[in-house]
Amino acid sequence: MNVKRVHRVWKEQGLGLKRRRPKRRSYGPKGAVVNRAQRPGHVWTYDFVEDRTARGGKLKLLCVVDEFTRQCHAIRVEKRMGSQHVIETLEWLSAVHGRPEHLRSDNGPEFIAHAVQHWLTAHGAQTIYIHPGSPWQNAYIESFNDKLRNECLNQEVFANGREAREVIEAWRRDYNEQRPHSSLGYLTPDEFTTRWRNSSRPTASLRSTNAAVPEVNLSL
């Protein structure tokens with residue numbers, strides 16, 4: 001028996017221990033109306049996912065998704081990640097896609113850090129923090145994370161971080177370019193975004209299919 005074999009069996013069996021988590025600070029008023037994305041760049045959502053290499057090395061993934069178009073803008077993979085990595089990722093994505101109007105997340109320490117708060121304020125981006133223990137308030141990223149784990153992370157044993165980045169980036173591109181979504185009129189996220197931007201206003205069919213997705217729906 002070795003670490004790689006144990007890790008493979010552990011993933012195949014879906015084993016895991018429930019960790020006791022410390023009480024986290026909560027930002028934002030409870031009971032506030034949760035904004036629904038109305039256009040590209042209106043609301044981005046981001047969250048962390050964790051995995052391990054074949055030798056047990058830790059991998060931390062930062063996923064960023066546009067809630068309106070369902071496009072995954074980035075999946076950053078590092079051994080460890082803090083608030084500075086979050087800021088660097090937001091800086092790069094803002095340069096590529098434009099600054100988001102709102103960012104939805106949980107109350108994780110990387111998202112409520114003072115440095116991240118300062119960056120968001122300086123760039124005019126408003127925050128939408130979900131209530132602690134309420135993942136259904138961040139349904140889009142929760143659903144995306146499930147897809148990522150079931151279709152990619154649970155199917156692969158990464159030799160190292162470099163291989164993980166390459167495989168995960170290939171999956172992200174396939175997700176954006178090849179996967180049709182019923183909520184987008186059976187268009188891929190990239191196709192939906194292109195049609196939206198090429199028209200002066202969304203067609204009735206595109207608007208109605210997107211609006212039909214309830215906020216608590218966990219399927220993309």
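Read along the sequence, this chain runs α-β-β-β-α-β-α-α-β-α-α-α-α. That comes to eight helices and five strands, where helices (H or I, at least four residues) and strands (E, at least two) are DSSP runs numbered from the N terminus. The model is predicted, so to speak for its limits: local features need pLDDT of at least 70, side-chain atom pairs count only at pLDDT 80 or more, and totals for chains, interfaces and linings use all residues. Residues are numbered from 1 along each chain as its sequence is written, and side-chain values use heavy atoms, leaving out hydrogens and water.

Of the 220 residues, 45% count as buried, meaning under 20% relative accessible area with a 1.4 Å probe, protein chains only.

Now helix α5, residues 139–151. Its 13 residues should span 18 Å at 1.5 Å a residue, and the end C-alpha atoms are 18 Å apart, which agrees; the expected span is 1.5 Å times one less than the number of residues. Buried residues of α5 include Tyr-140, Phe-144 and Leu-148. The buried residues of α5 pack against β1 (43–52), β2 (58–66), β3 (72–78) and α6 (161–178), a contact being heavy atoms within 4.5 Å.

Next, a helix pair. How do α2 (residues 83–97) and α4 (residues 114–122) pack? The angle is about 20°, with the axes 8 Å apart; axes are lines fitted to C-alpha atoms over the stretch in contact, and angles run from 0 to 180 degrees between N-to-C directions. α2 and α4 are therefore roughly parallel, the word for angles under 35 degrees. The contact involves, among others, Ile-87 and Leu-90 of α2 and Trp-119 of α4.

Key: Buried means under 20% relative accessible area, exposed over 50%, partly exposed in between (1.4 Å probe, protein chains only). Angles under 35 degrees count as roughly parallel, over 145 as roughly antiparallel, 65 to 115 as roughly perpendicular and the rest as oblique.
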